[in-house]
Amino acid sequence: MATVTLRNVRKSFGKTDVIHGVDLEIADGEFIVIVGPSGCGKSTLLRMVAGLETVTSGEVEIGGRLVNKVEPMDRDIAMVFQNYALYPHMTVFDNMAYGLKIAKVPKSEIEDRVATAAKLLQLEEYLKRRPRELSGGQRQRVAMGRAIVRKPAVFLFDEPLSNLDAKLRVQMRLEIKALQRELGVTALYVTHDQVEAMTLADRMVVMNGGVADQVGKPLDVYADPRTEFVAGFIGSPPTNFLDTALLPGLSTAPSLGIRPEHLQIEDQGRLTATVSFAEALGAETLIHCRVAGGRQVTVRQDALHHIPAEGESVQLNWADADAMFFDANGRRV
Amino acid sequence: MAERNGMVEKRGAGLWLTHLGLIIGVLFIFFPIWLAFVASTVTQQDISQPPMPLMPGDKFLENYARALTSGVNAPVAAMLVNSLIMALGIALGKIVISLLSAFAIVYFRFPLRKLFFWLIFLTLMLPVEVRIVPTYEVIANFKMLNSYQGLILPLVASATATFLFRQFFMTVPDELAEAARVDGAKPMRFFIDILLPMSRTNIAALFVILFIYGWNQYLWPLLITTDPGMNTIVMGIKQMFPSGDDLADWPVIMATSILAMVPPVLVVVGMQRLFVRGLVESEK
């Protein structure tokens, strides 16, 4: 168990800067999720912590020890890869035991540790199988098992659930969270899926173009996004952005963001919109409208409410407290 | 529907025709081998008196024993051993060297990496025969004439096998190397524990090809072995042909030819099972 500290970490590939200086303090036993769209540098950041990429400048510390020049195996970390990276010719047992064998752990202890991990992950009956004889979820578990048996100080996850189908993803998400709680190991988890980020994280890091836009508890980030990007990326359906020019006297900032659940269709509203179509999801209904200037706006309302017909003109209203204004650079004002 | 029926009928007839064609082809190719076998089981007289017999005679044991123990210039048994050592040496040497060079080219970033790869690739375009004189010179200066090293070493470097392993290594996901790195495997450990077992089907397939390549070497052994005790079997057969007025001992020569075919056939049959099993196993 250990803390992880990143100090002004930068990465360039040749002349291209990928990470423009990230600072992060991870407490012992904390579950941190790095989330962002593809190409934002989140995987590169994780791989720098793992030691699979060199750090161009800045400092990476694990457990208070500077590890910039330390090989991955000596960093006291374990990593779970997106495609699991299981050794195809080895049995599940050998896959999990390989790192321990290299570390010259005594045979009886290897067997103990693998047995414990297998029990924890319900893999006991599969220990003699090869990876190709397992389902996606089981392979995922083996990859986790391989990480667990090493008893690392830090778990690193690189989009571990993206190769699973939706149902399994939800199940594994819960398992990962439970496992991390049980083991109390510091975890750094990369994903592009904001639902995973919201549900797993103690704190999340929203990355955008090589910069950490915002670091905070999931609900704080959701309720109080620091930038237009974060407001748009976190939350589903995404935040609506309106041109303040349409709403004279409201603010001098050019952009107004309102989450779909904060919009109401009322008789007397601040904005007129035309209904494009409505998606009834059972418990709730998403109503997609178009406002003057052509922007698309989504209203999320309870299923009990009346659903307006397509082409109908409606009035939209919101509380002042729910309005988020952003300046021309996308910063919150 | 009618068209479909027609196709089925056609395929029925086509099936017989293809089989007939294949059977004729096999007989056509097999006939000379059969003749050689027949000739190795009869007496010299039977062969020289037309018509030549088409059914095996009763001298099988006698002819083969004579070939194996005395031969014409050297006992065939000794030549078989020589050929076996050379073919195994070439096949294994080529596999080891090309595995290592492919590993270096794919997994390590070193200066002029591309250049080295293309240099290796370039040698593909030069057959042994083109560089045979300078190679002979080198081997002669190393005093390796009439030795196994001389037979094996010049043929060991292989661009084809290097290229093949390079292509295979490039299909191995990078994450596997990274996972091994996180697990603490040093490069050679990764190579031996992970890359090598994953390449076993390729190795088996290459072994078959390279063993036969080594076994069938003719020109190179002919040049550098002057001692009959170092002759390999493929060139040995040619050496058995009479020069001048000597009488050819055809039954023994034919027995030698048949014996020369046995090891490659065994390798193909034996390894085929192994690498087909390997292919099925590695199939996801």
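The legends below describe close-up views of a predicted model. Local features require pLDDT of at least 70 and side-chain atom pairs pLDDT 80 or more, while totals for chains, interfaces and linings use all residues; side-chain values use heavy atoms, without hydrogens and water. Residues are numbered from 1 along each chain as its sequence is written, and chains are lettered from A in the order in which they are written.

**View 1. Nonpolar surface patch of chain B.** B:Leu112, B:Leu115, B:Phe116, B:Leu119, B:Leu122, B:Leu124 and B:Met125 make a nonpolar patch of about 680 Å². Patch residues have over 30% relative accessible area and no salt bridge, with nonpolar side chains (Val, Leu, Ile, Met, Phe, Trp, Tyr) joined within 5 Å and like charges within 9 Å. A salt bridge is a side-chain nitrogen of Lys or Arg within 4 Å of a carboxyl oxygen of Asp or Glu. Areas follow the Shrake-Rupley method with a 1.4 Å probe, and for residues only the protein chains shown count as cover. B:Leu115 belongs to helix 5 (residues 113-123) of chain B; helices are DSSP runs of H or I of at least four residues, strands are E runs of at least two, and both are numbered from the N terminus. The relative accessible area of B:Leu115 is 46%, which makes this residue partly exposed (buried is under 20%, exposed over 50%, partly exposed in between; 1.4 Å probe, protein chains only).

View 2. Rings of Phe, Tyr and Trp (its six-membered ring) pair if their centres lie within 6.5 Å; planes under 30 degrees apart are stacked, over 60 edge-to-face and the rest tilted. B:Phe117 is buried at 7% relative accessibility, whereas B:Trp118 is partly exposed at 47%. B:Arg166 lies over the face of B:Phe117, 4.0 Å from the ring centre. A charge sits over a ring if NZ of Lys or CZ of Arg is within 6 Å of the ring centre and within 35 degrees of the ring normal.

**View 3. The pair of B:Phe211 and B:Trp215.** The ring centres of B:Phe211 and B:Trp215 are 5.8 Å apart and their planes lie at 20 degrees, so the pair is stacked. Because B:Phe211 and B:Trp215 are four residues apart in helix 11 (residues 200-215) of chain B, about one helical turn separates them. Both B:Phe211 and B:Trp215 are buried.

**View 4. A charge over a ring in chain A.** The charged end of A:Arg259 sits over the ring of A:Tyr222, 3.8 Å from its centre.
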